[in-house]
Amino acid sequence: MTKSSIMHGKGQYINGLWIQGDGTILESINPSYGTLLWQGTIATEQEVTAACDAARQALLSWSSLDFEQRAHYTQNFAQQIDKNRDYLAHLIALETGKPLWEAHTEVSAVIGKINLSIQAYHERTWTKITKTTEANACLRFKPQGVVVVLGAFNFPAHLSNGHIVPALLAGNTILYKPSEQAPAVAEFIMQCWHESKIPPGVINCLQGDASCGRALLSQDIQGVFFTGSYATGLRIHQQFSDKPEVILALEMGGNNPLVIDEISDLNAAVYHTLLSSLLTAGQRCTCARRVIIPDSHQGDDFMNHFIKTCSSIKIGPFDQKPEPFMGPVISHEQAIKHLHSQKKLIESGGSHLLSMALLAENTGLLSPGIIDMTHFENPPDEEIFAPLVQIYRYNHFDEAINLANQTRYGLVAGLLSNNEQHYHQFYQQVRAGLINWNKPTTGAASSLPFGGVGLSGNHRPSAYFAADYCAYPVASMEQPLLTMPEQTLPGIGSLGTP
């Protein structure tokens, strides 16, 4: 497989089979070169209905399996991924443009998710039985049913996997629609599930755009697990406003702040800020969009070093030598959109310190941009999914926290500081679901929950807590033999048989 070869899609994966339908054409473009990578078709409404029927028919038998049996299939899947890790990493790099070193970390995360999800299931949704004098008080968990997983392009293997594996372990069956910008990766992931010998109908994959997603959400489903933008998450929430019985787990990004405080290692501060803001070409929901720095000589030194470092990082296709730090954004169209966002910020009062620019025509390759927004009145509170950093200057630490909180989002907030008391104050006052100290905002542990507040989510954190929304608790009072209590309640007449 090379950057110039074209892959032809297998079709939709329904009930354990690849179905070549007659839907409209769907194409995936290599964002590093602007060349056609993959070509397939969008699922038709008939195929969507067939997949839902297959998932519904498989639900009882799948959920009736012992947990160990379901876990065995997920472990088989992990073995398939491990066996093909180099191929998958190469495919991720081709389709998303991310450097190969980063694609390999994503593949490792896919494999690691299996055992972490098994551990989380045992810890958070395992059966608990308490014996009382009158009966056994039992807590067990049942699957939601047929659930839809809507994938994201920035981690096309890992983020979907973070919903799929916990859902399967809990006994759900799945309708999976990957991002239309990463269909090739999703198709290979589904082939690995097929090779794991998972029963037909348990997981089904439907390729398509927003219209395919809407068709899926109109089916008889019990849950929707989504990672993406706030605008799309809001539309999903509105679509189910009259169906509160359908559980929604929505992770919707953030306008994340990183505050630079009292530091002694300037290089470390610049490095952690670089990782916070520019990893995956700024296309992580945890990327720091707003960097808040002191209006002082220390702040000036930081800015000088940060601008110099951003100007010198290597950007390019994953097969460039030496290997780049950063690849393209997902498409040329998105790159142009981000350049318009930069222009709008500058025309409205932002001061550009480093201009984000398109590096090659018909690609998504962008250089980093830095804009000083300190004197910008009422800055837009939005997530710009690009290597574009907004700078805010402050005079007092309280002001820095106020600036950090000037967003309706609340996914992640970070502080770089040697002052432990300031961290405690920051932790207490900042609103975010992830709060990091002297670590990049893009650093998250799979052994912890992942989710935010405000516009960033709907209080259904994923990662280690994904088990919580994949199953619902059932409380039972049980005793094996029907008997009379030792003492009956007052006012009841004789119960003696005639």
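Helices (H or I, at least four residues) and strands (E, at least two) are DSSP runs, numbered from the N terminus. The structure described here is a predicted model, in which local features need pLDDT of at least 70, side-chain atom pairs count only at pLDDT 80 or more, and totals for chains, interfaces and linings use all residues. Residues are numbered from 1 along each chain as its sequence is written, and side-chain values use heavy atoms, with hydrogens and water left out.

Cys285 is placed in the loop between helix H9 (266–278) and strand E14 (288–294). Together with Glu251, Cys285 carries the UniProt annotation "active site" in an unreviewed entry. UniProt positions are given in the numbering used here, feature names are shortened, and annotations may be inferred rather than shown by experiment. The two annotated residues span 35 residues in sequence, yet no two of their C-alpha atoms are more than 8.9 Å apart, so they gather at one spot. Both Glu251 and Cys285 belong to the lining of the largest pocket. On a 1 Å grid over the protein atoms alone, a pocket is an open set of points where a 1.4 Å probe fits, with protein on both sides within 12 Å along at least five of seven lines; lining residues have an atom within 4 Å of a point.

Burial was assigned from relative accessible area (buried under 20%, exposed over 50%, partly exposed in between; 1.4 Å probe, protein chains only). Cys285 counts as buried, at 13% relative accessibility. Glu251, in strand E12 (residues 247–251), is also buried, at 7%. Contact means heavy atoms within 4.5 Å. Leaving aside neighbours within four places in sequence, Cys285 is in contact with Glu251, and its other partners include Asn154, Asn256, Glu383 and Phe385. On the same terms, Glu251 touches Phe226, Thr227, Gly228, Cys285, Leu411, Phe450 and Ser456.

Gly228 sits in the loop between strand E11 (223–227) and helix H8 (230–239), and is partly exposed, with a relative accessible area of 26%. Beyond four places in sequence, Gly228 touches Glu251, Met252 and Gly253. Gly233 lies in helix H8 and is buried, with a relative accessible area of 0%. The contacts of Gly233, again beyond four places in sequence, are Phe226, Leu250 and Met252.

Helix H7 (residues 210–217) has Cys212, Gly213, Ala215, Leu216 and Leu217 as its buried residues. Their cover includes helix H1 (45–64), strand E8 (146–150), strand E9 (173–177), E11 and H8.

Side chains of opposite charge can pair when their charged atoms come close. A salt bridge was taken as a side-chain nitrogen of Lys or Arg within 4 Å of a carboxyl oxygen of Asp or Glu, and the count by this rule comes to 11. One of them joins the side chains of Arg56 and Asp220 (3.7 Å, N to O). Arg56 lies in helix H1 and Asp220 in the loop between H7 and E11, so this pair ties together parts that are 164 residues apart in sequence. Arg56 is partly exposed at 31% relative accessibility, whereas Asp220 is exposed at 52%.

In another salt bridge, Asp300 pairs with Arg393, with the closest N and O atoms 2.7 Å apart. Asp300 lies in helix H10 (residues 297–312) and Arg393 in strand E17 (residues 388–394), so the pair ties together parts that are 93 residues apart in sequence. Asp300 counts as partly exposed at 34%, and Arg393 is buried at 14%. Asp295, Asp300 and Arg393 are linked in a network of salt bridges. Glu180 and Lys177 also form a salt bridge, their closest N and O atoms being 3.5 Å apart. In this pair, Glu180 is partly exposed at 31% relative accessibility and Lys177 is buried at 7%.
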